[in-house]
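Hi,

Here is the structure I said I would pass on.

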Amino acid sequence: MIIYGSALGNLQFAGFFIFLVLLALWLILTSIGRRNLIIDLNEDMYEFYIHRYLQRKGTLDEIYIRLKIQKTGQGKFYYKMILNGTYIEVLSLTGIKFSSNREKLEKLGMRLASKLNLNYFDCVDVSSKHVIRHWPQYKSEDTVDIKGTKGWASCI
C-alpha cells in the first residue's frame, strides 16, 4: 500500500508537471504573433495589429516617443529610446542595449518624432524638451450625459 501511494503521488506530480509545460508552450505560441504598427500621417491615425488581427485603432495623440532612463548600481545613467502608447506594447527603438550618450538619443528621438508627427517626451516628467504636437482629443464616450441616466450625475 505504501508503494502504491508513493507511485500515485509521483504520477500526480508528473501529470501536474506535464500540464504546466503544455500551458507554458501554449502561452508562448499564442504570443509569438507578429506585431505591426501602422501610422497613417494623412489621417492622423494609427493601427496596431498582432498576427493580422487589429488590436487598437486610435489617433496620434495616444502614441509617443520617449527617452527612458535607467540608473545602475554604480550611479551611472543609461538611456534608451522607446515608442509607447495606449493599448500597444512598448517598442524599443534602440534595441536591447542602453546607451550612455543622452544628447545623441535626444536628437534622434526629437527628429524621429518630427518625421513621424508624434509627441516626444524626455526621460524626466517635467522638462522643457517635451515636444507635444497632438493634444488629447475630446471623446464623447468618456463624457457623462447629465440629462440621461448614465453615471452618478443623473442623481443630482
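What pattern does the protein follow when read along the sequence? It goes α-β-β-β-β-β-β-α-β, with two helices and seven strands in the protein. Helices (H or I, at least four residues) and strands (E, at least two) are DSSP runs, numbered from the N terminus.

Before you dig in: this is a predicted model, where local features need pLDDT of at least 70 and side-chain atom pairs count only at pLDDT 80 or more, while totals for chains, interfaces and linings use all residues. Residues are numbered from 1 along each chain as its sequence is written, and side-chain values use heavy atoms, with hydrogens and water left out.

Some overall values. Buried residues (under 20% relative accessible area; exposed is over 50%, partly exposed in between; 1.4 Å probe, protein chains only) make up 21% of the 156 residues. The protein exposes about 12,100 Å², and carbon and sulfur atoms supply 61% of that; these areas come from the Shrake-Rupley method with a 1.4 Å probe, and for residues only the protein chains shown count as cover.

Now the strands. β5 (residues 77-85) is largely enclosed by the rest of the structure, because seven of its nine residues are buried. Strands count as paired if DSSP finds at least two bridges between them. β4 (residues 63-71) runs antiparallel to β5, with nine bridges joining them, and Ile65 has Leu83 as its bridge partner in β5. Five residues sit between the two strands of this hairpin, and Gly75 in the turn has a positive phi of about 95°. On to β6 (residues 91-92), which pairs with β5 in the antiparallel sense over two bridges. There, Leu83 is partnered with Leu91. This hairpin also has five residues between its strands, and Tyr87 takes a positive phi near 60°.

Next, salt bridges (a side-chain nitrogen of Lys or Arg within 4 Å of a carboxyl oxygen of Asp or Glu). The structure holds seven of them. One of these joins Glu89 and Arg35, with the closest N and O atoms 2.9 Å apart. Glu89 is in the loop between β5 and β6 and Arg35 is in strand β1 (residues 35-40), so the pair ties together parts that are 54 residues apart in sequence. Glu62 and Arg56 meet in another, at 3.2 Å, N to O; Glu62 is buried at 11%, whereas Arg56 is partly exposed at 23%. Glu106 and Arg102 form one at 2.8 Å, and they are four residues apart in helix α2 (residues 102-116), about one helical turn. Arg102, Glu106, Asp122 and Lys129 are linked in a network of salt bridges.

Is Asn119 buried or exposed? Asn119 counts as buried, because its relative accessibility is 3%. This residue lies in strand β7 (residues 119-121), and its side chain reaches the backbone nitrogen of Arg133 at 2.7 Å. Its contacts (heavy atoms within 4.5 Å), not counting residues up to four places away in sequence, include Asp61, Tyr64, Ala113 and His134.

Finally, the surface: Phe13, Phe17, Ile18, Val21, Leu22 and Leu25 make a nonpolar patch of about 620 Å². Patches are made of residues with over 30% relative accessible area and no salt bridge; like charges are joined within 9 Å, and nonpolar side chains (Val, Leu, Ile, Met, Phe, Trp, Tyr) within 5 Å. Ile18 lies in helix α1 (residues 2-30).

Cheers

Note on methods. A polar contact is a pair of N or O atoms within 3.5 Å; within protein, one must be able to donate a hydrogen and the other to accept it, and residues adjacent in sequence count only if both atoms are side-chain atoms.
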